[in-house]
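Here are a few notes from one colleague to another, to read with the model open beside you. They cover charged pairs, a pocket and a surface patch.

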Amino acid sequence: MANGKSEPTRILILGGGYVGLYTALGLQRRLRSGEASVTVIDPQPHMTYQPFLPEAAAGAIEPRHVVVPLRRALKRCHVITARATKIEHARKAVTIEAADGHIEELGYDVLVVALGSVARLLPIPGLVEHGISFKTIGEAIYLRNHVMTKLDEADSTLDPELRKRLLTFTFVGGGFAGIEALGELEDMARFATQYYRNIEPDDLRFVLVEASGRVLPEVRESLGVYTVMQLEKRGIEVYLSTLAKSFEGGRVVLSDGTEFESDTIVWTAGVKSNPVLASSDLPLTKQGRLRATAAMRVEGLADAWTAGDNAAIPDLSRTQEDPTAICPPNAQHAVRQARLLAKNIIKALRGGEPKEYFHKNIGSVASLGLHKGVGDVFNIKAKGFVAWAMHRLYHVKAMPTFNRKVRITLDWLTGGLFRREVISMGQINDPKAEFARVSRG
């Protein structure tokens, strides 16, 4: 065998997101029988395709269809539902906390670090208590039901100040996640008002707060300006170059002195590398990402690989203008890196030379709600319906497994025929409340 042993090479993949899933899919497809074993570790039993979270939250896609069950997709791999808590590469050992809470240590011959990123929190008073993140399918479902519940409460209250607070929805962060979540949920909420006797579309207040001077930094500045103009035409308040200072008690305080009450505060202001890396013996950048070569090997290590949000992969398409350029942490790079990563690991196992990752960014597209979008693809600006259609086509193509592609396409077709669902299932957020009420007599 490639490792000089009679046993198969043990490949351990930490993380079941874009990189973890696509790498494991590539390995199980290309590995010869008995050549290597592949184990995937992730706290969730599924991979979440995050670009579809806004549409799942807005009811355009069934939430179950934007996740890929790891055990079903990775039939030739060993999937363990657990959280990696410590990496000791010098010993080739990883400590994990399993789903039932027990701690164990796993050994490996080849390590793939695909832990991704987590929400980057700032020391803002009230953020932890009142903020809602938007990185998981659970958070998307929660946010959808939360918004619909606020409409239900506002429709029945007689208190005008409470009503105003209930119908104020605040989004912090003007990147793709924040803009798309805001656009889809605002579209859904305004559509839903037709079913409420006491709520008019103009009663809703949506606010976007962004610390920098523009939104969507991934597209050209003129399209960022266009996006802000489109949001403001819909009545959305946009605060650029503005910091959030406090959320205590649900009262939003901004750096320009603006203050208002809001029962919904969605936090999408950036991400950071998984904190597990900080306690490992692997080489890190100042930003906490793994130092890596363009071939996606961890710097200085032949048997450790990485890609995606937690990796500082050199961006060879930009190194002539900036020798220190690294690939941005987005889905487009993660998916492409993972596909090459699987091939590189196979080459290394068989004594070959891995290939360097080179991908010139083809552009980006963002949805701003139903039939609305903005895009910058091959240096061509796209707006409105065209950009929205490009967004859907690109992401359904990138969605893992044929099963999920078909299900999502059918969701769109039925949504076009019967319009989106605006059902409130607030009970999901506290499923035992009714049981507890009945038990009290």
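**Notes on the model**

1. Let's begin with a charged pair: Asp263 forms a salt bridge with Lys150, and their closest N and O atoms are 3.3 Å apart. A salt bridge here is a side-chain nitrogen of Lys or Arg within 4 Å of a carboxyl oxygen of Asp or Glu. Asp263 sits in the loop between β16 (259-261) and β17 (264-267) and Lys150 in helix α5, so the pair ties together parts that are 113 residues apart in sequence. Helices (H or I, at least four residues) and strands (E, at least two) are DSSP runs, numbered from the N terminus.

2. A word on the source: this is a predicted model, in which local features need pLDDT of at least 70 and side-chain atom pairs count only at pLDDT 80 or more, while totals for chains, interfaces and linings use all residues. Residues are numbered from 1 along each chain as its sequence is written, and side-chain values use heavy atoms, with hydrogens and water left out.

3. Lys150 also meets Glu153 in a salt bridge (3.4 Å, N to O). Both lie in helix α5, 3 residues apart, about one turn of the helix. Lys150 counts as buried at 11% relative accessibility, while Glu153 is partly exposed at 31% and Asp263 is partly exposed at 22%. Buried means under 20% relative accessible area, exposed over 50%, and partly exposed in between (1.4 Å probe, protein chains only). A network of salt bridges links Lys150, Glu153 and Asp263 with Arg165, Arg251, Glu259 and Glu261.

4. Please look at Glu35 and Arg350 too, whose side chains meet in a salt bridge (2.9 Å, N to O). Glu35 lies in the loop between α1 and β2 and Arg350 in the loop between α9 (331-349) and β22 (363-367), so this pair ties together parts that are 315 residues apart in sequence. Glu35 is buried at 10% relative accessible area, whereas Arg350 is partly exposed at 37%. The count comes to 20 salt bridges.

5. Which residues lie nearest the centre of the second largest pocket? They are Asp42, Gln50, Leu115, Ser117 and Lys135, out of 35 lining residues. On a 1 Å grid over the protein atoms alone, a pocket is an open set of points where a 1.4 Å probe fits, with protein on both sides within 12 Å along at least five of seven lines; lining residues have an atom within 4 Å of a point.

6. Finally, Glu161 is found in helix α6 (residues 160-166) and is exposed, at 54% relative accessible area. The C-alpha atoms of Glu161 and Glu261 are separated by 9.0 Å, though the two are 100 residues apart along the chain.
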